[in-house]
Amino acid sequence: MMENCVFCKIVAGEIPSSKVYEDEEAVVFRDIEPKAKIHLLCVPKQHFSSLSELNAARAALLGRMLETIGRHSGEWGLAEGYRLIVNQGAAAGQTVPHLHIHILGGQTLPWE
Ligand code: AMP
Ligand code: ZN
């Protein structure tokens, strides 16, 4: 656990969140400032800041997180489709330096 990391605190239950899924290595909860009708965040329990810190083990973990999203998306109201986004770095809009996958859906999403 990383000091002062908001997502580590959510993983540890120190900050409340609206969780829709949890397993041994990841959690999925609702984004506090949704940018689509459904906006979830899939977060690994292990702290690392971003894609720039991937190694083989973390890439495999990310693969299992994608599998989890694919398997459970229907239960989360996303059967019609969804969009995944990972912001890498401040220039891309990353504000929380704990890797997370945005899951957006529940509506037709604009593309442009
Ligand atoms: P990013 O800008 O890609 O780093 O995404 C961070 C996301 O975390 C933003 O969409 C925020 O709305 C969301 N967020 C920040 N704090 C919380 C929180 N306590 N609970 C849920 N979502 C949060
Ligand atoms: Zn963290």
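This report describes the fold, surface and nonpolar cores of a predicted model.

## Basis of the description

In this predicted model, local features need pLDDT of at least 70, side-chain atom pairs count only at pLDDT 80 or more, and totals for chains, interfaces and linings use all residues. Residues are numbered from 1 along each chain as its sequence is written, chains are lettered from A and ligands numbered from 1 in the order in which they are written, and side-chain values use heavy atoms, with hydrogens and water left out.

## Overall fold

The chain contains two helices and five strands. Helices (H or I, at least four residues) and strands (E, at least two) are DSSP runs, numbered from the N terminus. Read from the N terminus, the order of elements is α-β-β-β-α-β-β.

The C-alpha trace spans about 35 × 30 × 30 Å along its principal axes. The radius of gyration is 13 Å, which agrees with the value near 13 Å for a compact globule of 112 residues; it is taken over C-alpha atoms, and the globule rule is 2.2 Å times the number of residues to the power 0.38. Of the contacts (heavy atoms within 4.5 Å) with a separation of 6 or more, 50% join residues 24 or more positions apart.

## Surface and burial

Buried residues make up 39% of the 112 residues. Buried means under 20% relative accessible area, exposed over 50%, and partly exposed in between, with a 1.4 Å probe and protein chains only. The chain exposes about 6600 Å², and carbon and sulfur atoms supply 53% of this area; the areas come from the Shrake-Rupley method with a 1.4 Å probe, and for residues only the protein chains shown count as cover.

Asparagine 4 lies in the segment before helix H1 (6-12). Asparagine 4 counts as exposed because its relative accessibility is 67%. Although asparagine 4 is not a glycine, it has a positive phi of about 65°.

## Nonpolar cores

A nonpolar core is a set of buried Ala, Val, Leu, Ile, Met, Phe, Trp, Tyr and Cys residues joined through side-chain atoms within 4.5 Å. The largest has 16 residues, of which Val28, Leu40, Cys42, Met65, Trp76 and Ile103 touch the most other members. Strand S2 (26-30), strand S3 (38-44), helix H2 (56-72) and strand S5 (101-105) each supply at least two residues of this core. H2 gives the most, with four residues.

Leaving aside neighbours within four places in sequence, isoleucine 103 is in contact with residues including Val28, Leu40, Cys42, Ile69 and Trp76. Another core lies apart from the largest one; it has ten residues, among them Cys5, Cys8, Ile10 and Phe29.
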